Amino acid sequence: MRKKRWVPWVLIGPALLVIVLTTIYPLLAALYYSFHNYNLRRAPQFAIQIGESGIHIDWSLLSLENYTRAFSDSRFINSLEVTFWFTVISVGLSVVIGLFIAVIVQKGGWLHTLTKVLLIFPFAVSPALKGYSWRFMLNENYGVYDLLIDSLLVKPVNALLSLFNALPLVEIPYISESIVWLGDKFWALFMLAMSETWGWAPLIALMFVGALGSIDEQIFEAARIDGANRVQIFFRVTLPLLRPVILIVTMLKTIFSLKMFDQVVTMTGGGPVRATQTINYYIHQMGFVRSLDIGYASAMSYILVIVLTICAALYVALVLNRD
Amino acid sequence: MRLMRTILFMLALALFLALPVGGALAQDVMDPATFGLDASKPYDGTQLKFLICCSTAPQFASAAVKGAAEFTEMTGISVSWGDLPFGSFQEQLYLEATNPNTEFDIVAFVDAWGTNIYDFLHPLNDFVADAGIDWDDYGPAYQQASTGNSDTIYGLPFRGHPLLLHYRVDVLEAVGMEPPQTWQDVSAISQAIVDSGMDIAPMAMYYGLNVDQNLFNWYSHLWGAGTDIFDENWQPIFNNETGIAATEQYLSYVRDGYSPAASVAWNEQEANQELVQGRAAMFVGWWWMASRMTNAELPEVADNAAFAPAPGWAGGDTASYGYLWPVGVLAQSDDRDAALEYLKWLTHPITERRIVLDAEDPALDTNVAVRLSVLADEEVNEVHNGLQGVASAVLANARTIPLIPEYTEIVPYLAEMINELATDAGADVQEVLDRGAEDVRSVMEMAGYYNG
C-alpha cells in the first residue's frame, strides 16, 4: 500500500501552526526589534519597509546599540548578578532538599505513598500565588515563619536560659522583632529562593524517588555485606548512581530559575532596593512599565535567550548521553 | 374615629407632598435629557468595552453597577467593563492603547501613566464644551492630571483620591494631643505615644517597593518643605538642602522607631492593615481606604476612627498628591460617539452623587467622588460622616506629579532611592539623593530635555 506522505503533516499541522504563531514569530520579531530604536511612546521606524516600489531595507535603522547599552547598564549587570545568586541558591536548595525528601519517602507503605501524592501539590501552585503566600507567611504579625521560629525555638531556648539565670547575659531576640525578611537584601533574596524551593523540591524529590527505585537492590546488599554503614552506602553508592539524574535535574531547575519573574512581582517588587531584580523582571520593567523601550528589552531578552540556549543544549546533551 | 381621620389626612398630605419630589427624582434618573443624552437612541445596540482595573474594588464596582441598566435603557448602549488586576494594568493599558486594532473604546488610567498614551486618546475639549460639562467643578489638581498641564483634555476626572490622615481618636486623647496638622506634629504625637507606654505603634508608614507607593507621602514632605522633584528647567532639585530636610523627616518615622521596623518592606495595604487591626494609631493614605477603618472588626478601631487632611510642613506649605484616574476615549475606537455618550452619563454629577449616596451594599459602598459640587453636598457628607468635606479641604491644596512621559521611567529610581534610605539606617541621605538625582538627570538627558 502506498504511503500517504501528507498525512503526518496534516496531523501535526495545527500544532505546528500554533508553535509558529506563538513561539517562532515572537522570537523572530523580538530579534528584529532588538536591532531597532523601538519605543512604544513613539511611532516605530523599522528597517524593512514595504512600499509601492517593493521591499526596501534602510540599513541605517539597524544597530547593535541595544546590546552594547546592556553591558554598560549597571542595573542590567545587577540583574545578572541577582539572577546568578538566585539560581545558585534555589537550585542548590531544591536539589539537596529534594534528595533528602526522596530518601525519606522512597520506602513502601501507605504513609509514604500518600506523602508522594501530596508532594506534587506545591509544584501545582501558581508562581504568582506562591509569591503572595510567601509575602503573607513572612509578615511579622500574622506570618507563620516568625510564629514558628519564635514559639518553637526562641521562647524555649530563652526559657531554658532563664532557668540557669543566664537570661540577662544571652537573651535571644525574637525573630519577629529583629528580622524584617523582605526588608533585608540578603534575606529577601534568600526567601525568594526559598519560595521557589518550596515548589520545586517536592517535584525533584519525586524524580529522585523514581531514580532510587530503579537502582538494583543487589548493589546495596553487596555494599552491606562488604561492611558499609548507611552513610557510607549513601555517599559511596547511592549518590554516584544518582549522578546522571542529579545533573539533569540541576540543569532543568537552572533553566527555570534563570527565568524567575512571577514571585519577584508579587513577593518583593524587586526590592529591597534592587536586591531581587532578576533579569526577566528588569526586562519587563524596561519594556512594559518604565521606558516602554521594546528594542532594549528585546536585546536583553536575547542575551537571556543565549544563556538559556547554552543551558538547554547542556541539558539535552546530558539526557541523550544518559539514554 | 377622629384620630383615624387625622392620621389618614396626614398620610394623604405627606403622599401629596412627596409625589413631586419622587417624580422629580425619577425624572432626573430616567430622562436622557437630564444627562445630555440623545433620546433618539442613535447608538442603540452598540456594545462598548471599557478597559479598567480592579472592578471588584468598591470604588470601581459601584460605578460599574449602579445605574448601568438605566443607562442602557436610556441609550441602547451596553458597556462591558474589563477586569484587570492593578499589578498588570499599566502594561495592558499601554498595549491596548497603542494597538490600532484594539477592541476597547474607553480607558481609565492613572494620571502618571496617561502621559504615555496621550497620543492615542481622543481630545475631549470640544466634547466638554458641547456637552456643557462644568470644568470648574473639578479641583485644580484633577484638572491638571486630566490635561497633563496642557490645553488638551485627555480624560475626565473619574476616580480621585486625596491623601488623608486616618487616626485613632482614643489614642490621641489618651496622650492629650490634637490631630496633627504638620509632619512635625506627627513626630511630637508619636513621641508622646511612645512615652505613654501604650502597646501600639504611633504610625504605620510604607517604604516598601510596590508600584512606587513609597513616594506618595514623600511628595507631601518635599512640597510642604518648599522644594520639588524638578526646577523650571527640568533639573532634579529634590537633593537640595530643603529636599534633604524633607527626606530626613520622612525617614524619621521608621528611623526613630515610630513606625515599625517592618514598614521598610510594607506597601500601602499592609500599612493600612496595621491601623485596621489595631496595631497602629496613625496612617496617611488614600481616602478610599477610610471605610476599612470605620468598618473594622475591632470596636476600638471602628468606634475611634477619625480622619483629617494629610499633614503639612511646620512653617511651610500643606500640599499633597491628588491622585486621579481620568477616563478617556481611545482615538481608534470605532464607536467614539457612543463612548462619549457614556462619558456624559458616567461623569455626570447626578450619577456620581447617586453612587456615593447608595451605601446599601457594602461591596458597592464607596465615598469616592471627584466633583466639587458632590464633595460639598450636605446629604453626601451626612452619609459619609463629613469625609467629603475633609477631602475638599485637602484637594484645595493638592498638586499633581510631573506629567511628562519620562516620569514613569523616573519614578522607579525615586522609589528605589527611598527604599534604600529606609532599609539602610546608616545610609547617607545626601549621597543617596545625589545618586538618585544623577539617575533622573540621565533619563531626562536621553529624552533631550537639556538640548539647547
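Predicted model: local features only at pLDDT ≥ 70, side-chain atom pairs only at ≥ 80, totals over all residues.
**Stop 1: chain A**

Select chain A, which has 14 helices and two strands. Helices (H or I, at least four residues) and strands (E, at least two) are DSSP runs, numbered from the N terminus. Along the principal axes, the C-alpha atoms of chain A fill a box of roughly 90 × 70 × 30 Å. The radius of gyration of chain A is 26 Å, whereas a compact globule of 323 residues would have one near 20 Å. This radius is taken over C-alpha atoms, and the globule rule is 2.2 Å times the number of residues to the power 0.38.

Now colour 73–129 + 185–323 as domain 1 and 141–179 as domain 2 of chain A; these bounds come from an automatic or database domain assignment. Taken over C-alpha atoms, the centres of domain 1 and domain 2 of chain A are 32 Å apart.

What share of the 323 residues of chain A counts as buried? The share is 30%. A residue is buried if 20 or more other C-beta atoms lie within 10 Å of its own, exposed if 12 or fewer, and partly exposed in between, with C-beta atoms placed from the backbone.

**Stop 2: where the chains touch**

Show both chains. Here 20 residues of chain A are in contact with 22 residues of chain B; contact means that C-beta atoms, placed from the backbone, lie within 7 Å. On the side of chain A that touches chain B, helix α13 (residues 279–289) of chain A gives the largest share, three residues.

**Stop 3: chain B**

Select chain B, with its 21 helices and nine strands. Its radius of gyration is 24 Å, close to the 22 Å of the globule rule for 452 residues, so chain B is as compact as a globular protein of that length. The C-alpha trace of chain B spans about 80 × 65 × 35 Å along its principal axes. Of the 452 residues in chain B, 50% are buried.

**Stop 4: the cores**

A nonpolar core is a set of buried Ala, Val, Leu, Ile, Met, Phe, Trp, Tyr and Cys residues joined through C-beta atoms within 7 Å. The largest has 174 residues, and B:Leu93, B:Leu164 and B:Tyr342 are among those with the most contacts inside it. Helix α20 (residues 407–423) of chain B contributes the most to this core, ten residues. Another core, of 18 residues, lies apart from it and includes A:Leu119 and A:Phe208.

Zoom in on B:Tyr342. Leaving out residues up to four places away in sequence, B:Tyr342 touches B:Leu48, B:Ile77, B:Val79 and B:Ile106.

**Stop 5: strand β7 of chain B**

Select residues 280–286 of chain B, strand β7. Why is strand β7 of chain B largely enclosed by the rest of the structure? Seven of its seven residues are buried, so the rest of the structure largely encloses it.

Strands pair if DSSP finds at least two bridges between them. B:Leu165 has B:Val284 in β7(B) as its bridge partner.

The bridge partner of B:Met203 in β7(B) is B:Met282.

Definitions and conventions
Residues numbered from 1 in each chain as written. Chains lettered and ligands numbered in written order. Contact = placed C-beta atoms within 7 Å.
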